[in-house]
Amino acid sequence: MRISIVTTIYKAEKDLPRLLDSMMALRNPDLEFYLIDNGSPDRCGEICAEYARKDSRFFVLTLKENIGYIRARMLGLKECHGDYVGFCDSDDYLEPNGYDHAAQVISEQNCDLYITAHMVHMGGGELLMKPPYKTGLYQDESINQTILPQAFGFLKNRDRLHGYMWKQVVRKDLVLNAGISLIENLKPWEDQVFNIDVIKRCQRVYIDDHVIYHYFANTGSVTASMIKNFDAHDFWQKTRSLYQEKIRRASKPIERRATANSALFNIDLLVVSLCRKHITASHEVKNTLSALFNGDEVWHQICSESNNEDLSKRLLIVKYCLKAKLYRPLFYIVKHKLRG
């Protein structure tokens, strides 16, 4: 059994050696480190070639032009040589022995999908993030009842399953045979729908709390860039599209409910980002929220499908104010929280 770890690389020469060193430190001979130089203009290609000369487990694919990380990731998934595929970002690194442990568990359990813990590094600190399920093997109907709903979103006392593709390892032919792909216009949330499509086709999912990955939250990420260069209309359209893609895949009321709850979480982020952008201009916030939500059928569907029992006090306030068109009061509530 071979596991390929697909990494798309662009303008990462500063952090790349840390990642590649962590890969070389793994002992399993059946690991493949599939590196995609995505038209990077710096020394990334040279660095990858250097490591490939040191360790035969490295495979380097060089693209002349940058095709975006989503297309590059799908290209890597199709072209890599493993029976299973994991993913990696070039500014992160792998836990010592993490994938060695993962390979052993996957081989023993013969699972379609392996979901595990990861470490988040932010502001000089680190936080252990475990999967929102009990560890162990889930099969058939237990996947549909336990794993799948939280891939759609969060429920009362049940956290959502984050989409991050680097927290898991998937059977390659399951993805390819089902024609599962990343939807480019959902960026940066394309992985959430990908996960749903994968989990719906799994017969065996293994949940582990063993860390395999170290993630660095940085200001240059796609999500961080979207918040920094915030555009409320664009953000709402992406939220609508994500909601609609999830709803098309939801076959049970609990999945629709979790989807709506998750959409409200994004709407709260929209409101906060908008208020932060216009912290002294309540009329700008009022006019923008009115233009976005007045008469929007998707927004009304989110209100209808979400369950108040699942929501925090903060989300309940946002939902109530938007539904009642209390845009200016919502601005002052959020403004007070931002300055508190």
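I take accessible area from the Shrake-Rupley method with a 1.4 Å probe. On that basis I looked up the surface of this predicted model. The protein chain exposes about 15700 Å², and carbon and sulfur atoms supply 47% of that area.

Next I looked up the secondary structure. I found 14 helices and 10 strands in the protein chain. The radius of gyration is 21 Å, close to the 20 Å that the globule rule gives for 340 residues, so I noted the chain as being as compact as a globular protein of that length. Along its principal axes, I have the C-alpha trace spanning about 60 × 45 × 35 Å.

Then I turned to burial and contacts. Of the 340 residues, 52% count as buried. I took the contacts between residues at least 6 apart in sequence and found that 81% of them join residues at least 24 apart.

For charges, I have 46 positive and 42 negative ones in the protein chain. Their mean positions are 8 Å apart.

I found N195 in helix α7, which covers residues 190-199.

Leaving out residues up to four places away in sequence, N195 touches H162, G163, K167 and Q168. For G163 I noted a distance as well: its backbone oxygen lies 3.2 Å from a polar atom of the N195 side chain.

Technical notes. Residues numbered from 1 in each chain as written. Predicted model: local features only at pLDDT ≥ 70, side-chain atom pairs only at ≥ 80, totals over all residues. Heavy atoms only, no water. Helix = DSSP H or I, 4+ residues; strand = E, 2+ residues; numbered from the N terminus. Rg over C-alpha atoms; globule rule 2.2 N^0.38 Å. Buried < 20%, exposed > 50% of the residue type's maximum accessible area, 1.4 Å probe, protein only. Contact = heavy atoms within 4.5 Å. Lys, Arg positive; Asp, Glu negative; His and termini not counted. Charge placed at Lys NZ, Arg CZ, Asp CG, Glu CD. Polar contact = N/O pair within 3.5 Å; in protein donor to acceptor, adjacent residues only side chain to side chain.
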